Amino acid sequence: MHIHLGPMLFFWPKAELESFYQQALSQPCRRIYLGETVCPKRREFKSADWLALGRELQRAGKEVVYSTLALIQSPAELLAIRKLCDNGELTIEANDLGAVQLAHEHGLPFVAGPALNVYNLDTLRLLLNKGMTTWVPPVELSRDWLLGIHRAAEADGIRERFKLEVFGYGYLPLAYSARCFTARAENRLKDDCELVCIDYPGGRQALTQEGQAAFNLNGIQTQSGYCYNLINEVPTMTDWVDAVRISAHSRECLQWIGRFEQQQRRPERYPLNSRYCNGYWNQLPGMEWLPSPADMVQS
């Protein structure tokens, strides 16, 4: 099972993002996803910059995938994806069906990202016929649901045609809106936001009246209030999951790449607690944390 570094979901200054990816080179992740998936106004990195960075990472031995926007709202945004497909240098992660169609028209293999609504075998077959090579399921699917699809795909003879990549660590991307929550919180219009989300490099938390982290707001994206963490589930994944995705919200998150990789060779029980969540994996409300007996003793 491989460890992959997902696309950066937050808006960081260009120099900090470049430094982040230089640090990522030393981590045991096989694949690195690049690109902007949340807001097209975030242009510290231009398309040419992403492509240049991708070439550098490839020369260093990493697989590189370019992730597309999850909410395409204009012809210009669709044109940007078309130009990326015209380039043909990098595999893309399609987070919108428009991107799926463009990749298919260009005859390019693609990763089906977590923003696509893929919940059953019929949809997987459709995407495979379009050129899908990796499936990253929606984050709300449970272990049992995914195992059911895995077994059904095996019985149908199509499981070997795609890799299964599970979101294993980070703030869960739950929803996207035409409105920008970060701009609204700063009393700014979306069209005149002055890119205020760069002031919140890890998002902006929304708390309940009881002080519980309900959501993490990241521009037009709503995320889980707690960090999702499946590291203690890794030993149960190795026979049927092909890759686990780490989604970083700080430089320190890169350390989890090594921890997830080590968990396959020398499993250990991490003493996690309710600062994290794993509800969806266990068929519970997503923000909940289901502790193991070891967690309850050590937390």
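Residues are numbered from 1 along each chain as its sequence is written, and side-chain values use heavy atoms, without hydrogens or water. Because the model is predicted, local features need pLDDT of at least 70 and side-chain atom pairs count only at pLDDT 80 or more, while totals for chains, interfaces and linings use all residues.

**View 1. Helix α2, residues 47-59, and its length.** Helices are DSSP runs of H or I with at least four residues, strands are runs of E with at least two, and both are numbered from the N terminus. The 13 residues of α2 should span 18 Å at 1.5 Å a residue. The expected span is 1.5 Å times one less than the number of residues. The end C-alpha atoms of α2 are 19 Å apart, which agrees. Gly61 follows α2 and has a positive phi, near 100°.

**View 2. The two sides of α2.** Buried means under 20% relative accessible area, exposed means over 50%, and partly exposed lies in between (1.4 Å probe, protein chains only). Trp50, Leu51, Leu53, Gly54 and Leu57 are the buried residues of α2. They lie on the same side of α2, because their arc around the axis is only 165°. The arc is taken from the directions from the helix axis to the C-beta atoms. An α-helix has 3.6 residues a turn, so residues three or four places apart point the same way. Ala48 and Arg59 are exposed on the other side of α2. The buried residues of α2 pack against α1 (14-24), β2 (31-34), β3 (63-67) and α3 (75-87). Contact means heavy atoms within 4.5 Å.

**View 3. Helix α4 (residues 97-105) and helix α5 (residues 121-130).** Their axes come within 9 Å and cross at roughly 40°. The axes are lines fitted to C-alpha atoms over the stretch in contact, with angles from 0 to 180 degrees between N-to-C directions. α4 and α5 are therefore oblique to each other. Angles under 35 degrees count as roughly parallel, over 145 as roughly antiparallel, 65 to 115 as roughly perpendicular, and the rest as oblique. Val100, Gln101 and His104 of α4 meet Leu127, Asn129 and Lys130 of α5.

**View 4. His4 in strand β1, residues 2-5.** His4 is buried, with a relative accessible area of 5%. The C-alpha atoms of His4 and Arg245 are separated by 4.8 Å, yet these residues are 241 residues apart along the chain. Beyond neighbours within four places in sequence, the contacts of His4 include Cys29, Tyr33, Glu165 and Val244.
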